[in-house]
Amino acid sequence: MSVLRLPRLKNAFPAGYLVTSLGFIDTHLLIPVVALYAVSLGAGVGVTGLIIGLYSIANTPANLFFGRLVDRAGYKRPLVLGLVGDAIAMFCYAMCRLPLHLAFVRVFHGITGGVVGPATMSATVEHAAASRKGRVMGLYGSAMAAATLLGYGLGGVMASKGGFHLVFYVGSGLLLAAALVSMLMPGMKKPVVAAKTSMAHDLRRMVGLLRRRGLVTSYWSIFTQYFAFGAVVTLLPLYVKSLGLEALHVGLLLGIFAVTFFVLQFPSGTLSDRVGRRLPITSGLGLCVVALVAMPAFGTLAVLGLVMALYGAAYALIFPSISALVAEHTSSEERGSATGIFHALLTVGVAIGAPVMGAVAQYAGIRLGLALCSSVAALALLIAWADLGRGRGSLSREDAGP
C-alpha cells in the first residue's frame with residue numbers, strides 16, 4: 001500500500017467512523033434479501049437456512065485468526081484487504097446461478113468479514129485517550145448502529161425497486177469506498193508484535209483473555225446481547241403476526257430499537273467515563289431482562305414500541321462500557337486478539353440464540369420463548385456484578401494481567 005503514497009489523516013476518528021459504518025453495512029444490506037435470493041436460485045427451506053448460517057460458521061474463527069493478525073501486522077493493511085475482500089464477495093453474490101454457488105460465496109464473505117471487526121475496533125481504541133474510552137467506544141457503537149439502520153432500510157428498498165443485483169453492486173461499491181478511506185488512516189502508534197509464536201501459545205493467550213477480570217464481563221455481555229437479539233429477530237415477527245399485525249409493524253418495532261440504540265450510544269459512553277463501567281453495564285443488563293420479560297406480555301403496537309425503546313436503551317448502556325473494558329484491560333500487543341474474540345462472540349451469540357430459542361419456542365410457545373431469553377441476560381448480570389466487584393468497574397493494569 002505504501003507505493004500509493006496517499007496522505008495520512010492526522011485525526012483518525014472521522015475516517016474510522018465512516019469506515020466502520022460502511023464496513024459493517026454489507027451484512028445488514030443482505031439480511032432482508034439473502035433468504036429470498038437463495039429461494040430464487042432454487043434452494044429449499046432447509047438449504048436456505050444452511051446458506052444463511054454459513055456466514056456465521058466461517059466468520060467466527062476468522063475473527064479470531066485475523067484478530068491475531070492485527071496484533072502482528074497492525075490494523076491498517078488487514079483492514080484494507082478485508083474491505084476489498086468484502087467488496088469482491090458482494091460482487092460475487094450477483095454471479096451466483098445455483099444455491100451451491102451462493103453457499104461458497106457466503107463462506108468467502110464470512111472469512112473476509114472476519115477482518116473488519118477486530119481491525120476497526122483496534123483502530124478506534126488505538127487513537128482514544130485513556131479518559132475518553134467510554135465515549136469513543138460509544139461512537140464506535142453508534143457507527144455499527146448506523147450500519148444497521150441504513151442496511152436494513154436500503155437493502156429492502158433497493159431489492160424491491162431494482163432487484164437483488166442492485167443490492168450487491170451498491171454494497172460492493174460502498175465497501176470499495178471504505179477501503180479507499182481506510183488507506184488514509186494513520187497506522188499504529190506503537191510497534192506491532194513482530195515475533196512469530198506457536199499455535200499453542202496463541203491458544204493459551206486467548207484462554208487467558210477469556211479468563212481475565214473485566215474481559216469476563218465484556219465477553220459474557222456481548223454474547224448475551226446478541227444471543228438475545230438473535231432470538232428476538234426470530235421470535236418477534238412470529239409474535240407480532242399472532243397479534244394480527246403485519247411485517248411493516250415488525251420493521252417499525254426493530255426500527256425503534258435501532259434508533260434508540262444509535263441515539264443513546266454517545267451519552268452512555270460519556271456516562272461510563274464519569275461513573276465507571278460497572279453501573280452502566282449492570283443497569284443495561286437489568287433493563288435488558290425487564291424488556292425481554294415485558295415484550296411478550298403486551299399485545300398493542302404502542303406499548304410494544306415502548307418496550308423496544310427500552311430494549312434499545314439497554315443495549316446502548318451496555319455496549320460502550322463493555323467495549324471500553326476491552327480497551328482498558330489489554331495491551332497493544334494483544335488488543336487484536338481481544339477484539340477478535342469480542343466480535344467472534346457477537347457472531348456466535350446470534351448464530352446460537354436464533355436456533356436455540358426458536359427450538360424452545362416450538363415446544364414452549366412463542367411468548368414463553370421470548371421471556372426465557374431474559375435468563376441469559378440475568379446470568380450475565382450476576383457475572384458482571386461479581387467480576388467488576390464493588391469499584392467503578394475500571395480495573396488496574398495489574399488486575400488486567402500481563
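1. Asp71 and Arg68 form a salt bridge, their closest N and O atoms being 3.5 Å apart. The term salt bridge denotes a side-chain nitrogen of Lys or Arg within 4 Å of a carboxyl oxygen of Asp or Glu. Both residues belong to helix α3 (residues 45-73), where they are 3 residues apart, about one turn of the helix. Helices, numbered from the N terminus, are DSSP runs (H or I, at least four residues). An α-helix has 3.6 residues a turn, so residues three or four places apart point the same way. Asp71 is buried, and Arg68 is buried too; buried means under 20% relative accessible area, exposed over 50%, and partly exposed in between, with a 1.4 Å probe and protein chains only.

2. A word on the basis of this note is in order. The model is predicted, and local features need pLDDT of at least 70, side-chain atom pairs count only at pLDDT 80 or more, while totals for chains, interfaces and linings use all residues. Residues are numbered from 1 along each chain as its sequence is written, and side-chain values use heavy atoms, with hydrogens and water left out.

3. The salt-bridge rule gives a count of 4. One of these joins the side chains of Arg277 and Asp273, at 3.1 Å from N to O, and both of these residues are buried. Arg277 also meets Glu328 in a salt bridge, at 2.4 Å from N to O. Arg277 lies in the loop between α10 and α11, whereas Glu328 lies in helix α12 (residues 301-328), so this pair ties together parts that are 51 residues apart in sequence. Arg277 and Glu328 are both buried. Through shared partners, the salt bridges join Asp273, Arg277 and Glu328 into one network.

4. Helix α3 also contains Ala62. Ala62 counts as buried because its relative accessibility is 6%. Which residues does Ala62 touch, not counting residues up to four places away in sequence? They are Gly110, Ile111 and Gly114, where contact means heavy atoms within 4.5 Å. The C-alpha atoms of Ala62 and Gly110 are separated by 7.5 Å, although the two residues are 48 residues apart along the chain.

5. Helix α15 (residues 374-387) has 14 residues. From its first C-alpha to its last, α15 reaches 20 Å, close to the 20 Å expected at 1.5 Å a residue; the expected span is 1.5 Å times one less than the number of residues. The buried residues of α15 are Ser374, Val376, Ala377, Ala380, Ile383, Ala384 and Asp387. Their cover includes α9 (215-242), α11 (278-294) and α14 (366-372). After α15 comes Gly389, whose phi is positive, near 70°.

6. Thr224 is found in helix α9 and counts as buried because its relative accessibility is 1%. Leaving aside residues up to four places away in sequence, Thr224 touches Val376, Ala377 and Ala380.

7. Ser172 lies in helix α7 (residues 164-182). With 7% relative accessibility, Ser172 counts as buried. Its contacts, not counting residues up to four places away in sequence, are Ala87, Met90 and Phe91.

8. How many disulfides does a search of the whole structure find? The search finds 0 disulfides, a disulfide being a pair of cysteine sulfur atoms within 2.5 Å. For Cys96, the closest cysteine sulfur is in Cys92, at 7.5 Å, which is too far for a bond. Cys96 counts as buried, at 3% relative accessibility. Cys373 is in no disulfide either, the nearest cysteine sulfur being that of Cys288, 9.0 Å away. Cys373 is buried, with a relative accessible area of 0%.

9. The last point concerns the surface. Val259, Phe262, Val263 and Leu264 form a nonpolar patch there, with about 300 Å² of accessible area together. Patches are made of residues with over 30% relative accessible area and no salt bridge; like charges are joined within 9 Å, and nonpolar side chains (Val, Leu, Ile, Met, Phe, Trp, Tyr) within 5 Å. Accessible areas come from the Shrake-Rupley method with a 1.4 Å probe, and for residues only the protein chains shown count as cover. Phe262 lies in helix α10 (residues 247-275). Phe262 counts as partly exposed, at 30% relative accessibility.

Definitions and conventions
Helices (H or I, at least four residues) and strands (E, at least two) are DSSP runs, numbered from the N terminus.
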